[in-house]
Amino acid sequence: MKEFVIAEGRKEDIPEILEVMRGAEAGLPCRDWYVTDGEEFFEAHMGEEGFVLTARDGESSRLAGFLAVRIPGLAEDNLGRFLGLEEEELKKTAHMESAAVAPLFRGNGLQGRMMAEAERMLKERGFDRLMGTVHPENRYSRNHFLRLGYRTAARARMYGGLPREIMEKEIERF
């Protein structure tokens, strides 16, 4: 299996992250499946709001993929609110916000590897619930969530009225 280096992203990585994100969006059969974000989104996620993991090709150091993780705390848009979670549970909820793998590197299980690393990091920080959203027709992302142990917890209209399934996974803490 091809070697990749997974690490926390830095602000200098943002132009490459945006390039991978645009490439992922362009390859989808329906633009509603993936909501893209800008530089400010990633800067915020590299600060107090969470972290971004990057996966780089072990040979070329080229950016192969990324995963943005958000720590929403008690924010109004914490996905745990769709489940009626109490404040203490909301504080231990993290969002798998955005992920993409460059076409050249697909088929290496990178999204799963990045999500596994994020899960490990979040467990160490005391989180026990992971959540994310997916367009119901985006079978690629939806099946990926399901393979990783997530379940469909709710359905809602988000991001300007787009249909989304809210995915959830409870993880055991150490």
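The legends below describe close-up views of a predicted model.

Local features are described where pLDDT is at least 70 and side-chain atom pairs only at pLDDT 80 or more, while totals for chains, interfaces and linings use all residues. Residues are numbered from 1 along each chain as its sequence is written, and side-chain values use heavy atoms, with hydrogens and water left out.

**View 1**
Seven strands make up an open sheet with mixed pairing, in the order S1-S2-S3-S4-S5-S7-S6. Helices (H or I, at least four residues) and strands (E, at least two) are DSSP runs, numbered from the N terminus, and two strands pair if DSSP finds at least two bridges between them. At the edges of the sheet stand strand S1 (4–8) and strand S6 (151–158), each of which pairs on one side only. On average, and with direction ignored, neighbouring strands of this sheet are turned by 25° against each other. For such angles, axes are lines fitted to C-alpha atoms, for helices over the stretch in contact, and the angles run from 0 to 180 degrees between N-to-C directions.

**View 1. The pairing of strands S3 and S4.**
Six bridges connect strand S3 (residues 63–70) with strand S4 (residues 93–101), and the pairing is antiparallel. Within this view, Phe 66 can be found opposite Ala 100 in S4.

**View 2. Helix H1 and its buried face.**
Helix H1 (residues 14–26) has 13 residues, which at 1.5 Å a residue should span 18 Å, and this agrees with its end C-alpha atoms being 18 Å apart; the expected span is 1.5 Å times one less than the number of residues. The buried residues in H1 are Ile 14, Ile 17, Leu 18, Val 20, Met 21, Ala 24 and Glu 25, where buried means under 20% relative accessible area, exposed over 50%, and partly exposed in between (1.4 Å probe, protein chains only). Seen down the axis of H1, these buried residues fall within an arc of 160°, so they line one face of the helix; the arc is that of the directions from the helix axis to the C-beta atoms. They pack against helix H2 (39–45), S2, S3 and S4, whereas the face of H1 turned away from the buried side carries the exposed residues Pro 15, Glu 19 and Ala 26.

**View 3. Glu 43 in helix H2.**
Glu 43 has its place in helix H2 and, with a relative accessible area of 31%, is partly exposed. Apart from neighbours within four places in sequence, Glu 43 is in contact (heavy atoms within 4.5 Å) with Lys 11 and Ile 14.

**View 4. Asp 57 in strand S2.**
Asp 57 belongs to strand S2 (residues 50–57) and counts as buried, at 5% relative accessibility. The side chains of Asp 57 and Lys 2 are joined by a polar contact of 3.0 Å. A polar contact is a pair of N or O atoms within 3.5 Å; within protein, one must be able to donate a hydrogen and the other to accept it, and residues adjacent in sequence count only if both atoms are side-chain atoms. When neighbours within four places in sequence are left aside, the contacts of Asp 57 are Lys 2, Glu 3, Phe 4, Arg 62, Ala 64 and Phe 105.

**View 5. The loop between S2 and S3.**
Ser 61 lies in the loop between S2 and S3 and has a phi near 65°, a positive value in a residue other than glycine. Most residues other than glycine have a negative phi. At 44% relative accessibility, Ser 61 counts as partly exposed.

**View 6. The hairpin of S6 and S7.**
Strands S6 and S7 run antiparallel and are joined by seven bridges, and Thr 152 has Met 167 in S7 as its bridge partner. The two strands form a hairpin with three residues between them, and Tyr 159 in the turn has a positive phi of about 50°. Tyr 159 counts as partly exposed, at 43% relative accessibility.

Helix H5 (residues 139–147) lies across strand S5 (129–134), S6 and strand S7 (162–170), and runs at about 165° to S5. In the loop between S5 and H5 is Pro 136, which is partly exposed, with a relative accessible area of 34%. Pro 136 and Pro 163 are 27 residues apart in sequence, and their C-alpha atoms are 7.0 Å apart in space. Apart from neighbours within four places in sequence, Pro 136 is in contact with Arg 142, Pro 163, Arg 164 and Glu 165.
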